[in-house]
Amino acid sequence: MDKYNMTKWGSLVALVVVTVLLLIFGKNGKQEAEEQTITVVEAEEQERGQEIQPVSEAVVQVEEEADGTSEQEVYSFLQGPKSWKQRREWSGKWGKEYHDGSSFGAFGCGFCAMANIYSTLTKYQCTPIDMYRWTKRHTSYGGGGAVAWPFMRKAMSELGFTVTLGEKPSTYGAFREEMAAAQSMLVLVSSYNDDSYWKNTPGHYVTLFLYNSETEEVFLTDSGDPDHNRHWVPLKTIYKALKTSSDFQYMSVEAYDEGKDTWKHTKAEGMWVKPDGTK
């Protein structure tokens with residue numbers, strides 16, 4: 001074969017090789033591009049699907065519940081002189097004061113409990129001493145001692161609350177239903193009935209908030225013990241400790257009507273340690 005024909009044949013072979021390579025790699029490149037395009041489209045369709053997905057009623061219910069009272073919004077006053085001396089949050093000068101001949105630290109748990117309810121469940125606030133003076137003016141309570149159930153019911157009614165006094169139900173389940181239906185509950189506990197949580201406590205008023213039906217726990221405010229105050233406690237523990245020697249064991253707070261509130265006390269003023277972020 002002469003030189004001319006060899007050159008022509010070589011060029012023809014090179015042309016065939018290039019054509020084959022273009023067909024192979026061009027096809028693979030197109031497949032890869034198509035696969036990548038499909039992946040992107042699928043991702044976009046998924047995102048669009050998430051954006052237009054309707055919100056279920058269950059989700060709406062959870063969000064509504066989340067907008068209710070939070071732990072930070074719950075008032076939890078302390079009553080005693082030791083708490084005030086240590087300047088604990090929620091303690092106040094009232095802890096070392098005497099009113100009508102008696103130490104407020106010895107008898108003030110009921111007034112702390114009512115002040116907690118009023119300041120938590122309304123847009124108004126008051127201190128335990130404010131509540132003490134209010135109760136003296138608007139009920140037959142004489143002052144200087146523990147406040148009885150009828151006086152508390154009268155005072156809370158004058159403040160616009162719908163309340164019901166109750167005796168300890170025969171079953172825990174019945175008490176649980178009462179708690180679930182209430183906005184809050186003021187209860188009287190005693191270590192004489194059960195000393196698994198309270199020790200050396202003949203009788204003591206505490207308040208219950210934020211009942212959790214899943215865990216069956218309540219957010220406890222205990223004015224007499226800083227170590228108990230603002231703790232989640234099993235509702236069954238409360239039920240066991242209810243003081244049965246009293247005429248009543250609890251007061252359910254069912255509703256509040258601002259129009260029936262004859263006080264509308266705007267501020268919890270005075271010398272007390274108010275936590276940051278408290279309304």
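**Sheet pairing, cores and ring pairs**

Biologist: Which residue of strand 8 stands opposite T162?

Modeller: The model is predicted; local features require pLDDT of at least 70 and side-chain atom pairs count only at pLDDT 80 or more, whereas totals for chains, interfaces and linings use all residues. Residues are numbered from 1 along each chain as its sequence is written, and side-chain values use heavy atoms, with hydrogens and water left out. Helices (H or I, at least four residues) and strands (E, at least two) are DSSP runs numbered from the N terminus. In strand 8, the residue facing T162 is A255.

Biologist: How many bridges pair strand 3 with strand 8?

Modeller: Two strands pair if DSSP finds at least two bridges between them. Strand 4 and strand 8 run antiparallel and are joined by four bridges, with V187 having Y250 as its partner in strand 8. Strand 3 and strand 8 are also antiparallel, and their bridges number six.

Biologist: Is A255 buried, partly exposed or exposed?

Modeller: Contact means heavy atoms within 4.5 Å; beyond residues up to four places away in sequence, A255 touches G160, F161, T162 and Q183. The C-alpha atoms of A255 and F161 lie 5.6 Å apart, although 94 residues separate them in sequence. Buried is under 20% relative accessible area, exposed over 50% and partly exposed in between (1.4 Å probe, protein chains only). With a relative accessible area of 29%, A255 is therefore partly exposed.

Biologist: Which element gives the most residues to the largest nonpolar core?

Modeller: A nonpolar core is a set of buried Ala, Val, Leu, Ile, Met, Phe, Trp, Tyr and Cys residues joined through side-chain atoms within 4.5 Å. The largest core has 42 residues, and F111, M131 and L186 have the most contacts inside it. Among the elements giving it two or more residues are helix 6 (128-138), helix 7 (149-158) and strand 5 (204-212). With eight residues, the element that gives the most is helix 5.

Biologist: How many residues does the second, separate core have?

Modeller: Leaving aside neighbours within four places in sequence, L186 of the largest core is in contact with residues including A113, W149, Y205 and M251. M185, V187, L208 and Y211 belong to the second core, which is separate and whose residue count is 19.

Biologist: What class of aromatic pair do Y75 and W272 form?

Modeller: Rings of Phe, Tyr and Trp (its six-membered ring) pair if their centres lie within 6.5 Å; planes under 30 degrees apart count as stacked, over 60 as edge-to-face and the rest as tilted. The structure holds 27 such pairs. For Y75 and W272 the centres are 6.4 Å apart and the planes at 45 degrees, so the pair is tilted.

Biologist: How many residues apart in sequence are the parts that Y75 and W272 tie together?

Modeller: Y75 lies in the loop between helix 2 (57-66) and helix 3 (81-85), and W272 in the segment after strand 8. Both residues, Y75 and W272, are buried. The separation in sequence of the parts tied together is 197 residues.

Biologist: Over which residues is the pLDDT below 50?

Modeller: pLDDT is the predictor's confidence in each residue, from 0 to 100. Its mean for the protein is 84, and 76% of the residues reach 70 or more. One stretch, with three contacts in the model beyond near neighbours in sequence, has pLDDT below 50: residues 20-67.
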